Amino acid sequence: MLIGASEPKLVPDVSDTQIDIAYSFTGAELLLFGAILYPGGRAPTPDTDVAVVIKGPAEPLLVREKAKVAGIWINHASARFRSVPSFYAVATSRPLDRLVSARTAAIYEIGIDNLLLSPANGSSASEQARFESGLIDLKRRAGLYAEHVGAVSVREGVLYRALVPIPARVPVGQYTAETYLIRNGHIVAAATRQINIGKSGFERFMAQAAADYPLLYGLAAILISLLMGFAAALAFGRVRR
Amino acid sequence: MHLYLPIAGLSVNALVIVLLGGMVGVLSGMFGVGGGFLTTPLLIFYGVPPAVAVASSATQITGTSVSGVLAHSRRQGVDFRMGMVLVAGGAVGSFVGGFVFHLLQKTGQIDTIISLLYVALLGWIGVGMARESVRAVLATREGKPTPPITTKRHRKWIAALPFRWRFYGAGLYISPLAPFLLGFVTGLLTVLMGVGGGFILVPGLLYLFGVSARVVVGTSLFQGLFVTATTTLVHAMTTHAVDLVLAGLLLIGSVTGAQIGSALVQRVRPERARMMLAVIVMAVAIRMALGLTWRPDAIYTVQLL
């Protein structure tokens, strides 16, 4: 038997490959599930773990740091990052430190602290670390970076499912969901699925109009506010007479 | 009821936003201040991105001002001639302000200095108004005649300006250059600080020129209407940050509030109304001063490149 054939295979799927943001959008729950296929139908070993990593489109960012100078808080330093995932969520079947080695976690970017944010300035390592932790703290507070330990359940070593919440202020774009099969601290199989998060209907129309026809959009905004002002004056004028 | 804001990119409780608009509208109708000083920080606190909060509250103030101007004009409470001169000055001022803002942005730090100057200016105006209005309230309580708002009804430097015009609503015979300059300064500061021109305009009209108190609020709102309409357009063209759903929700509350506010202010004695505005101006100054000196909630801020 070939050695390669002894490796198990992942068959992943997601509940939605397209998430539409409409007027009533208050967040979503993404269900990631799938099966683990073992070559030759061999009985699976019990300690099978799964980690799911969901990443949003990466964007370049400028992070500013405030400091107290002469009693006043001002922006005093900044750092650039070339590619910061706009969204990052990891769901695992057991705590990260008992899942894989630190080295493997860093290579596959499993865990918020293992994200590669590619700082662009040539500043010192300690300074970069300070800005990185500041940025990560901001993202965590906005609910855009999250770790869901124990959110993946593996049944009989064959079926897995993970429920990952997507917050309402999620950025739009092309997302990737990477699923890793882990045994004895090693990643033995991986699979990727694409998820598209986009605005739909009226919301998309508004966002596109604001971006593509800025002059018309601005004039429309003024017109609407003028009309609403007039309407209120008319309504109250009638009431009083 | 939750509604998703397409530009801000988050969902908000529609009722909260409408009520916030209503509260700001009442203040606006009563005192002639735009209310951006209240809306913008509250929206940011709610999680709306700062640029969207600033741009959309400008759109909201336009509608509120229309509503307020119409309500006041029913009672002959707007001097349109004075208003147009202020608008002209404001247009030049905001144009120059945009240019200055660009220069200052490059150097990075200077916005802190402007904030300090603004705090000092607002503090000075607020304390001055408070002293004057408290004196007037006390005088009426003792049954004495109300002292005039400004002892120098015709200040020397204003009287020295050439070509005088008659402003019937305001009850003045002064050179249009004086209100033009006031409009200019207001426009300049509005663009630089992004906070209310009304705070400078209303006290300026009352205390510098001695404009009749009956028309001050309406005339200030008339000027604010043009300034914020321009601001909306500029934001729509440059930052693309005007959220019409957010602005619409705010407007529902604030156009109604402006009508209520302008009716309310008729029932309040003018010196008491001035005292309330003085308190608001001082509160804004204190809030800005604290914002500069308190440890901010977030040491780090992020800007998309």
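**View 1. Strand pairing between chain A and chain B in a predicted model.** Two strands pair if DSSP finds at least two bridges between them. In this predicted model, five bridges join strand β5 of chain A, residues 58-69, to β5(B), and the two strands run antiparallel. Within this pairing, L62(A) stands opposite Q303(B), a residue of β5(B).

**View 2. The contact between the two chains.** On the side of chain B, 54 residues are in contact with 55 residues of chain A. Chain B and chain A bury about 4600 Å² between them, and 68% of this area lies on carbon and sulfur atoms. In chain B, the residues that lose the most area to chain A are Y4(B), Y300(B) and L305(B), which together make up 17% of what that side buries.

**View 3. Elements of chain B that touch chain A.** Strands and helices both take part, and the elements of chain B that give two or more residues to the side touching chain A are β1 (2-5), β2 (10-13), α3 (50-73), α5 (110-141), α9 (213-238), α10 (244-267), α11 (270-293) and β5 (300-304). The largest share of that side, 10 residues, comes from α10(B). Sorted by class, the side of chain B that touches chain A has 31 nonpolar, 18 polar and five charged residues.

Conventions:
Residues are numbered from 1 along each chain as its sequence is written. Chains are lettered from A and ligands numbered from 1 in the order in which they are written. This is a predicted model: local features need pLDDT of at least 70, side-chain atom pairs count only at pLDDT 80 or more; totals for chains, interfaces and linings use all residues. Side-chain values use heavy atoms; hydrogens and water are left out. Contact means heavy atoms within 4.5 Å. Buried area is the accessible area (1.4 Å probe) that two parts lose on being put together, summed over both. Helices (H or I, at least four residues) and strands (E, at least two) are DSSP runs, numbered from the N terminus. Ala, Val, Leu, Ile, Met, Phe, Trp, Tyr, Cys and Pro count as nonpolar, Asp, Glu, Lys and Arg as charged, and the others, Gly among them, as polar.
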